[in-house]
Amino acid sequence: MSPDSGTNVVWLGSPGFPEAAHTALGDPQLRRNLRKATTTIRDKRLAVTGELDDWEQLREAGAATKRHTLRHLDRYLLRLEDSVTKAGGVVHWAADAAGANRIVTELVRATSAHEVVKVKSMATQEIGLNEALEQAGIRAYETDLAELIVQLGDDRPSHILVPAIHRNRAEIREIFQREMGAWGRPAPDGLTDEPRALAEAARLHLRDKFLRAKVAVSGANFAIAETGTVGVVESEGNGRMCLTLPETLITVMGIEKVLPLWQDLEVFLQLLPRSSTGERMNPYTSTWRGVTPGDGPQAFHLVLLDNGRTATLADTVGRQALACIRCSACLNVCPVYERTGGHAYGSVYPGPIGAILTPQLVGVEHAATLPFASTLCGACYDACPVKINIPEVLTHLRAEVVEAKRAKRRVPGAEALAMKAATAVLASPRRLSVAQKAAALGGRLVSCKDVIGPLPGPLHAWTDARDTPAPPTESFRAWWQRTHPTGADS
Ligand code: SF4
């Protein structure tokens, strides 16, 4: 498969991260919603991971399985195709978003259906499937509660696990009252913002759709090469309705989701719920193989999506991102995500994982600000159940962004000139000594202040956003020479 970044969707329709983050930071309601939600999930995760003595061994086992599978991805994908086909399913290969959308649209058209029900799938968001189906006259109904809120609100998901994390209960009630009628059964009269009442409104709204739908579209958390089993992990049971009631089931899955053996689920079904929802066990884990006559969907199609993944695999550092099991633990611990929310990343994949995955799927030149959307504090690495070294990939991608900029520029920019000057100074003890004396002189000039005030020209971008400490009035070297007059510099 040869990925074509021109046909990858992944969204990125918003301004770059710095501008979008600036806007998000000005929304106190958003920050309150995010703080409450991320703190709750974070505490639950810490409690349930802390109670397992072998949590670190589980993480290592998950990381090792993913490393091995990615190294032999070609072999396991062919084995998966063979197993699914033998079980009565049909496997389709999609090189990019346009190809995947075309395959799914044609499959739905072949059933004469004009609507589909969907269970939460990031892969179909990545390729913009709902929009592609809409253009073909097919309406897609999201059935995951959070996805439903996002769809009714004409919104974008902002979290991997809780796509409507940026909405509070009052906002959800208002969306239900305003929009449900246009999509089917209206919200009940007198709807309150109690969680139970909101869930009941969604249940009634969706029930008609489940019973009517002839076609369902799902994502997949895992697919087992050995057996051809596909699995979806969810919390509400709506996914299971999608996976069992319609006559035709179409699953769109990124190629990196394959696992070699059924036995591997033992590790991942412990890692995922504890890291994502902070639960010991996942409430609804659905697995299926091909088709079973007289039981469940009678036609099953598995669309294997590349869309930039093989290009990512070719990067020996960046390929770690393909090990992600979409648990969202890295989002919930990220100080940047907690303050900006997911929309600022402009991608279906927000937070730390989005900052390393999106630029690789679409090409760093199309998402150049994302690798910088991090403080490199390392909390994401500590939290990741499959030990993806996110800070390492971030710095690797930052280097690629800088290289790409340098290759495009004929005249070096201010940052490149500053780095060149720093290299020259640090390479020579004599030049360093002169620079330190100059800095000490500057320090004496501003000694009445602890920080350097606004600087002129392009340097203002640095001082505007940071408290830069004033240089000391005496460097360590000068102090040493003063206090150790003999053999001072040794
Ligand atoms: S990068 Fe790790 S922590 Fe983040 S969503 Fe993926 S698996 Fe979870």
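Colleague: Okay, which exposed residues sit on the face of α1 turned away from its buried side?

Modeller: Those are H22 and T23. Keep in mind that this is a predicted model.

Colleague: And which residues of α1 are buried?

Modeller: In α1, which runs over residues 17–25, the buried ones are F17, A20, A21 and A24. They cover an arc of only 100° around the axis, so they end up on the same side of α1.

Colleague: What do those buried residues pack against?

Modeller: The buried residues of α1 pack against α2 (28–50) and α15 (335–340).

Colleague: Switching topic: how many residues are in the largest nonpolar core?

Modeller: That core has 104 residues, and L80, F176, I353 and I356 have the most contacts inside it. Helix α16, residues 351–362, gives the most to this core, with 6 residues.

Colleague: Why would side chains like that gather inside?

Modeller: In soluble globular proteins, nonpolar side chains tend to be buried together.

Colleague: What does F176 touch, leaving aside neighbours within four places in sequence?

Modeller: F176 is in contact with L145, I149, L152, A187, L191, L198, A201 and A202.

Colleague: What about the second core, who's in there?

Modeller: It's separate and has 21 residues, including V108, A123, I138 and V303.

Colleague: Now H205. Is it buried or exposed?

Modeller: H205 counts as buried because its relative accessible area is 1%, and the cut-off for buried is under 20%. You'll find H205 in helix α10, residues 195–212. Not counting residues up to four places away in sequence, H205 touches L148, M180, W183, G184 and R185.

Colleague: And the ligand? Which residues come nearest?

Modeller: There are 13 residues around the ligand, and C324, C327, S328, C330 and C384 come nearest. The shell divides into 11 nonpolar, 1 polar and 1 charged.

Colleague: Where is C384?

Modeller: C384 lies in the loop between α17 (379–383) and α18 (390–408). With a relative accessible area of 8%, C384 is buried.

Colleague: How many residues apart along the chain are C384 and C330?

Modeller: They're 54 residues apart along the chain, yet their C-alpha atoms are separated by 6.2 Å.

Colleague: Last one: what domains does the assignment give?

Modeller: The domain assignment gives domain 1 (17–309) and domain 2 (414–483). Taken over C-alpha atoms, the centres of domain 1 and domain 2 are separated by 52 Å.

Methods. Residues numbered from 1 in each chain as written. Predicted model: local features only at pLDDT ≥ 70, side-chain atom pairs only at ≥ 80, totals over all residues. Heavy atoms only, no water. Helix = DSSP H or I, 4+ residues; strand = E, 2+ residues; numbered from the N terminus. Buried < 20%, exposed > 50% of the residue type's maximum accessible area, 1.4 Å probe, protein only. Contact = heavy atoms within 4.5 Å. Core = buried A, V, L, I, M, F, W, Y, C linked by side-chain atoms within 4.5 Å. Domains from an automatic or database assignment. Arc of directions from axis to C-beta. Near = heavy atom within 4 Å. Nonpolar A, V, L, I, M, F, W, Y, C, P; charged D, E, K, R; others polar.
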